[in-house]
Amino acid sequence: MKVSLPKPNRTFGLADVLGLVGLVGLFVARYIPVARLIPFWGCALRETTGWPCLGCGLTRVADRVAHFNLAGAWDANPLGTVAALFFALMIVVMLLHLVFAMPIPQLELSPTEWHWVRIAAAAIVLVNYAWVVVKAKFPYLLA
C-alpha cells in the first residue's frame, strides 16, 4: 500500500463528488419525506416474497442519520449506517478541500491488496444481509 499527499489544491475529484452526493442525499432525507410522498415507495422483493432485499432499510437509515438517530439507523441496516456516516464524513472532507485547499491523501493498492479488499467487502455485505434477513424473518432469534 502506498499513500501520497498531493500539493494543496481545489481540483474537484472523487472525494468532492462523494461529498456532494452525501450532501444532497442527507439534505433530501432530512427535509423531504420521500417514503410518504411517493405512493409506490417500498421494496418490491419484500412485498412479493416477504424476504428483504440487500437495500432494505436504506431509506430509514438515511432519514434517521439525517435526524441524528444513529441507534435507529443501525437497527434498520448496519452497513447502510456505516455508508451514510461515510458520506457525512465526505461532506466535511469536501468542504475542507474546496474551501481551504486541503490536500486529500491518495491511496494506491497493489493487485493482491485489491483482491483482499474485494473479498472483505463481499464478506461484509453478506454478513450485513444475513443480519437484515434474520432481523426481518426471525426476530425471535435476536430476543
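Reader: What relative accessible area does Leu-45 have?
Author: Start with where Leu-45 is, which is helix 3 (residues 44-49); helices are DSSP runs of H or I with at least four residues, strands are E runs of at least two, and both are numbered from the N terminus. On the scale used here, buried means under 20% relative accessible area, exposed over 50%, and partly exposed in between (1.4 Å probe, protein chains only). Leu-45 counts as partly exposed, because its value is 40%.

Reader: Which element of the protein chain has the highest mean pLDDT?
Author: This is a predicted model, where local features need a pLDDT of at least 70 and side-chain atom pairs a pLDDT of 80 or more, while totals for chains, interfaces and linings use all residues. Residues are numbered from 1 along each chain as its sequence is written, and side-chain values use heavy atoms, with hydrogens and water left out. pLDDT is the predictor's confidence in each residue, from 0 to 100, and the chain averages 93, with 100% of the residues at 70 or above. Helix 2 (residues 34-37) has the lowest mean, 81, and the highest, 97, belongs to helix 6 (residues 78-100).

Reader: How many Å apart are the end C-alpha atoms of helix 1?
Author: Helix 1 covers residues 14-31. The expected span of a helix is 1.5 Å times one less than its number of residues, so the 18 residues of helix 1 should span 26 Å. The model agrees, with the end C-alpha atoms separated by 26 Å.

Reader: Which residues are exposed on the other side of helix 1 from its buried ones?
Author: The buried set in helix 1 is Ala-15, Asp-16, Gly-19, Gly-22, Leu-26 and Ala-29. They share one side of the helix, because they cover an arc of only 160 degrees around the axis, taken from the directions from that axis to the C-beta atoms. Exposed on the other side are Leu-14 and Tyr-31.

Reader: What is the area of the nonpolar patch that includes Val-17?
Author: Val-17 belongs to helix 1 and is partly exposed at 38%. Patches take residues with over 30% relative accessible area and no salt bridge, joining like charges within 9 Å and nonpolar side chains (Val, Leu, Ile, Met, Phe, Trp, Tyr) within 5 Å; accessible areas come from the Shrake-Rupley method with a 1.4 Å probe, and for residues only the protein chains shown count as cover. Together with Phe-12, Leu-14, Leu-20, Val-21, Leu-23 and Val-24, Val-17 makes a patch of about 640 Å².

Reader: Which residue forms a salt bridge with Lys-135?
Author: A salt bridge is a side-chain nitrogen of Lys or Arg within 4 Å of a carboxyl oxygen of Asp or Glu, and the structure holds 1. The closest N and O atoms of the Lys-135 pair are 3.4 Å apart. The pair ties together parts 60 residues apart in sequence, because Lys-135 lies in helix 7 (residues 111-137) and its partner in helix 5 (residues 70-76). That partner is Asp-75.

Reader: Phe-68 and Ala-101 both have a positive phi; which of them is buried?
Author: Most residues other than glycine have a negative phi. Phe-68, in the loop between helix 4 (58-66) and helix 5, has a phi of about 60 degrees and is exposed at 72%. The other has a phi near 60 degrees and is found in the loop between helix 6 and strand 2 (106-108). With a relative accessible area of 12%, the buried one is Ala-101.
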